[in-house]
Amino acid sequence: MVNSLINSPNTRSVEGVSMPRIKSIECRRILNSHVNFTNEFIVQLFNGEIGIGGSPQGETTSIYEDKNIPIDPKFIIQTIEQDGYFGKSLDQANFDNYLQKKISRFGRNNTYGLSLAFYNATNKTSPFLSRQNEGKYVSPHICFNILNGGKYAYTNPVLSDFPEYLLVSKTNQLTDAIAEHNEIQQAVRNQLINQEKTFVSGNPVACFSTHDNRECIDFLLNIIDSLGFSERFELMIDASAGDLFTNDGYQFPITDNSAFTPEEFLGYWMDIIDNYELRILEDPFHEQDMENWFQLTNSQNKCRVIGDNFYSSEYKRIEEGAAKKYTDGVIIKPNQAGTITAVEKAIEIAKSTGQEIITSHRSISTESTFLSTLTCKNFVQYIKIGPLMTDYSSVMRLNEIIRYTEEPICHK
């Protein structure tokens, strides 16, 4: 489905019905999932509808993302008013086009929050709460966050240079997938509790007999094998290798300080793909290490190479990367795109160029469930939902998917 959100009947001009007009914009400071304050914008329309929107954030960000520079929300709101957007007839595309041009002045997270607030104000109807759309949407496959490494390891933390080890359910039947996920989590916790601990960035993490990232893979594969789930999940690693890049190549700063030339690092990944049944690999190289991206994607067909920071959800980069065969797929994060319209465009381009799409949360979340709406209404096949056992916003996103895709258990 193309542009399924921005072409909603609630946001386009219909004969005899005027388009929305902004009456006021306010900003309050709310807490995110790290209990830090962040901006939440409140957009009120002349028809009385109100929408709120706040942006998630990433702990590891790409070279294309804004740096976290405070921008006074009063300046943002005053600028929007001075530019004549209060009282002006707008649809989502109109407002987002304006915001996109202001990203350098407003900040990408702020423009996304404003875009989301406008979207929520103009999309008050929730058809998925009734039975009229029963059977319309299907659940995506969940990419379950199981082990965390890197500098920000909170969920089942392990000594590793890679931030996430995930298991991707081969079934999109949520009841089965969640039950299996819960068994895996229990087994992981039971074993990690007895592992030796060390500290990374002040946080205790489990470590194994050697300081080698491959031990984390062995640990996880042994868990699912012991539970009889080996054929039920695919192994996925988020390497976030831009954080491992040095002037000379790549280095593992957390485990053993191993250093690699770009060619050696390509060989490292080829070895893991061949020997560890790695099936999805996210950000294996720096954003501008184009030769290695091309070589890894085109020299094997066992593992899908996925661009996250490599693309930063920007549709022009996705279009170019797909044409040059740098990747097999793309991670889509709405706030990276900057507006609702821009993230819809990114999905449209990814689909049209044959890229596998995985929508994704950010590590610092708000309670917004828009990611679930985006995923279901665009029939995206995969979603990185977030750590279900340690971040309730991940459960909120999953519950929203259930509302879209699952039938009520009883009704009249």
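**Exercise 1.** What covers the buried residues of α1?

*Solution.* The model is predicted, so local features require pLDDT of at least 70 and side-chain atom pairs pLDDT 80 or more, while totals for chains, interfaces and linings use all residues. Numbering runs from 1 along each chain as its sequence is written, and side-chain values use heavy atoms, without hydrogens and water.

Step 1. Helix α1 spans residues 73-82; helices are DSSP runs of H or I with at least four residues, strands runs of E with at least two, numbered from the N terminus. Its buried residues are Pro73, Ile76, Ile77, Thr79 and Ile80, where buried means under 20% relative accessible area, exposed over 50% and partly exposed in between (1.4 Å probe, protein chains only).

Step 2. Viewed down the axis of α1, these residues fall within an arc of 160°, so they line one face of the helix; the arc is taken from the directions from the helix axis to the C-beta atoms. On the other side, Lys74 and Gln82 are exposed.

Step 3. The cover includes β1 (22-31), β2 (37-45), α2 (92-101), α3 (103-106) and α4 (108-122), with contact meaning heavy atoms within 4.5 Å.

**Exercise 2.** Which residue caps the N-terminal end of α1?

*Solution.* Step 1. The cap is Asp72, with a side-chain oxygen 3.0 Å from the backbone nitrogen of Lys74.

Step 2. Just after α1, Gly84 adopts a positive phi of about 85°.

**Exercise 3.** Which residues does Trp269 contact, leaving aside its neighbours within four places in sequence?

*Solution.* The contacts are Phe162, Ala239, Leu278, Leu281, Pro284, Phe285 and Leu296.

Terms used
A polar contact is a pair of N or O atoms within 3.5 Å; within protein, one must be able to donate a hydrogen and the other to accept it, and residues adjacent in sequence count only if both atoms are side-chain atoms.
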